[in-house]
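Hi,

Here is the structure we talked about handing over. Please have a look through it first; my notes on what turned up follow below.

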Amino acid sequence: MNPLRFITLLAVSATLHAAEWTDYFEFEKIPMPAGMDSQIGAMQFLEDGRMAVAFHRGEVMFYTPSSRSWSLFASGLHEPLGILPEADGSLLVMQRAELTRLRDVDGDGAADRYETVFDGFGMSGNYHEFAFGPVRDKDGSLFIALNLASNGAPVQREIRGAFSPVGELTREQMTEGGDWKSRSEKAGRMYSRVPWRGWILRLSSDGKQLEPYACGVRSPDGIGFDAKGRLLVTDNQGDWRPTSPLFAVKRGDFLGHPASLIWRKDWDGSDPQKIRPATFAKLYSPAAGLFPYGELANSPTQPVPAPAGAVPADLVGQTLIGEMNQSTLVRVLDDEVGGNFQAGLVPFLDKSPLGIGNHRLAFAPDGSLYIGKTGLSWAGSTAITRVHWNGKPFFSLDGVKATPDGFVLRFSEPVDETKLTDIKLTCHTYPYTARYGSKRFDEQTLKISRAELSNNHCDITLTCGPLKQAYLYQIDLAPLVAESGNTLMGKRASYHVARVPQ
Amino acid sequence: MKFLLLSALLVLAAAAEPDGKLLFTQNCSPCHAPDTKLVGPSLVEITNLYGKNPDGFVHWCTTPGKKRPETIEMPSMAHLGEENLLAIRRYILKISKGVVEKMDTGEDPFATAPTLVARPLVQRIFMPNAGPAAIAVAFDAKTSLCWDAGVCRLRYAWTDGFIDGYPYWRGNGSNLAKIVGKIRYTESVSPFGSKTPVAFHGYDLIGGLPVFRYSAGALEVGESFKALPDGKGIERHFTLTTPPSGPLTLLFPGDSKTSIISDHGTLAKGILTLTPNEARDFTLTLTFR
């Protein structure tokens, strides 16, 4: 490069507005109740403007934003990780052992009835058997998600529910005692020896009827409906999960982790550990989105649609997802190929004061986003951060559409044409194996043969040649600026081509 | 102009070197802090391990394992490549210079949380010698019990303390709570027999103490407890909202450390026999010897 041109470029860069998230959002730490372990398991706003919050050690408290005050509603629950307010003022809470309805019968402001709504699933006593949800669909059905157990520990001597004989180790060998380490590998990295571990369960609105809805999840610490009514579930990188996925779950789906298959009615009793991955690959309903590990997100959490007033109008209805390990949230861009949801994932509030441990997301009536943090000895944090949009529009990637040979990107404002050639596109794929996580395979930098701006300068059509199925495309948009001089907020998109558009 | 050009080139040269700080922030900082152990060891400890061993550092990061039983296995950082890993190591060495590690005292920082010191108290947590759906109940400073919602029965009672939940709460639940105090009574079987199917319906709190609701066969049962003064024992109250059609026999084999009496029916050789009317509502007194 001609040195003079380089210096000119430097000078031009200096005049650009290098925007920060703090130009658009206020970040505030919420004062937490004194003396308590403030790892947050669940949060939801009530219609009256209070927020119900469940804590690691089992408390459920109400936070009133106007007075910044807390009041205790219930306590003593076992690792509550989901909360759902009901019309009659009661709360549904998912704890390790059961879905519980908390009622304040005498009206003194604290729950006095802890009603078991559903406990028809197994517990081996293994620490990794967390329980998530509930969420309600428009017809009133409830959905919960149940973790697999981890071979970091055996099962307890006493369990709840039937013990499956399917597996290399017997019940006795799976049980605590002796040198677990020497036999743990044979348990499978994550295992499902009691009912419905690794399943998404659908319950009738009263919680009495169980429908095993979908299986194949590993550690689904994110379940929620998006603005279009799709049941979204995030899962965590690990065995059978080269990187963390986002699913739009449908009835009967197998979502990739084989351990739970043994509880399928039509399962022939064979041990999934002994079956070739290619067999499962045929059953697998592919992920709508993939979070590249170590780059976008390591351990994604709850999906929540952004309401009006919380974000610029064009982003309203888009799903935001929490992330434990990195200081970011993830914004979901909808695409559809052949009637199937495919997602472009974009960092949101990255490199901001957000911090890590972003476990639960709840939008307040005023459009503020409350982010509850936890760690449970993994990477994370504690307490609640409130994030509030100041109403200023920002330059963002608002939509992505896969084409047979590239992508159409939609931006919030006209894009500076001179930067188009600086967009970079790479793609890679992952193997589907029992291994814990995976490096990328067949990583390629793609040549963008054409980058065209639409008449209104808000859309860019990228042409790179035929898209490849089961590849994760990463579009690096860091160099882009708007015609206004604004820099882009969320500088890359990760798009999983589960299906190639025809 | 020459000066500007030189600066610009320096900027370029610097940019070619991997940014150890950025790489550390993105890949390592969630689990590693300079002066304290988070998920993984502190940077001080990492410096002690690998301060003079860059190859060992790269080897560990690309093929990590688990060195400490209480922690999780570090995920592989092989995707970063050797050059970036060495840059991370240089950054770790730089920022941990002169830092002194703060040691974990092993004490529960939230032991005095108002919701944990309140009495009476109900706390669900993994308990020893019970199923995974156990419930711990503290009556007062003296007396506590463990009731198991998985099998719908009392498991044991103890005096002189409640539980230490920190082994569970400090992590992800891979350790059970510990009993604080002395076990005074252990119940070996459900009063309704081990073969009777049970279903747990939850509990009501009355004065902070639970009334457990469950069904045992065709019977709908309410079971609640009170502590006798000074840790002397417990009173155990049953209500059957659907009384049996004939005489009811219940199993209370007891244990050698406790005497049991009932205010209704006859209790002999560990079997309580009640008329349908008596079975509506009866109280047992368990006195610790």
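**Domains of chain A**

Residues are numbered from 1 along each chain as its sequence is written, while chains are lettered from A and ligands numbered from 1 in the order in which they are written.

Between them, 31 residues of domain 1 of chain A are in contact with 26 residues of domain 2 of chain A (contact means that the C-beta atoms, placed from the backbone, lie within 7 Å). On the domain 1 side, α4 (277–283), β19 (289–291), β22 (329–337) and β23 (340–348) of chain A each give two or more residues. Helices (H or I, at least four residues) and strands (E, at least two) are DSSP runs, numbered from the N terminus. The largest share of that side, 7 residues, belongs to β23(A). By class, the domain 1 side has 20 nonpolar, 6 polar and 5 charged residues; Ala, Val, Leu, Ile, Met, Phe, Trp, Tyr, Cys and Pro count as nonpolar, Asp, Glu, Lys and Arg as charged, and the others, Gly among them, as polar.

**Where the chains meet**

Chain A puts 46 residues in contact with 43 residues of chain B. Elements giving two or more residues to the chain A side are α1 (3–15) and β9 (113–118) of chain A. That side divides into 17 nonpolar, 17 polar and 12 charged residues.

β9(A) pairs with strand β8 (residues 198–206) of chain B in the antiparallel sense, over 3 bridges (pairing takes at least two bridges found by DSSP). Within β8(B), Asp204(B) is the bridge partner of Arg113(A).

Chain A has a mean pLDDT of 95, with 97% of its residues at 70 or more; pLDDT is the predictor's confidence in each residue, from 0 to 100. Over residues 3–15 of chain A, however, the pLDDT is below 50, and this stretch has 7 contacts in the model beyond near neighbours in sequence. Where pLDDT is low, the predicted coordinates should not be read in detail.

Best wishes

Methods. This is a predicted model: local features need pLDDT of at least 70, side-chain atom pairs count only at pLDDT 80 or more; totals for chains, interfaces and linings use all residues. Two residues are in contact if their C-beta atoms, placed from the backbone, lie within 7 Å.
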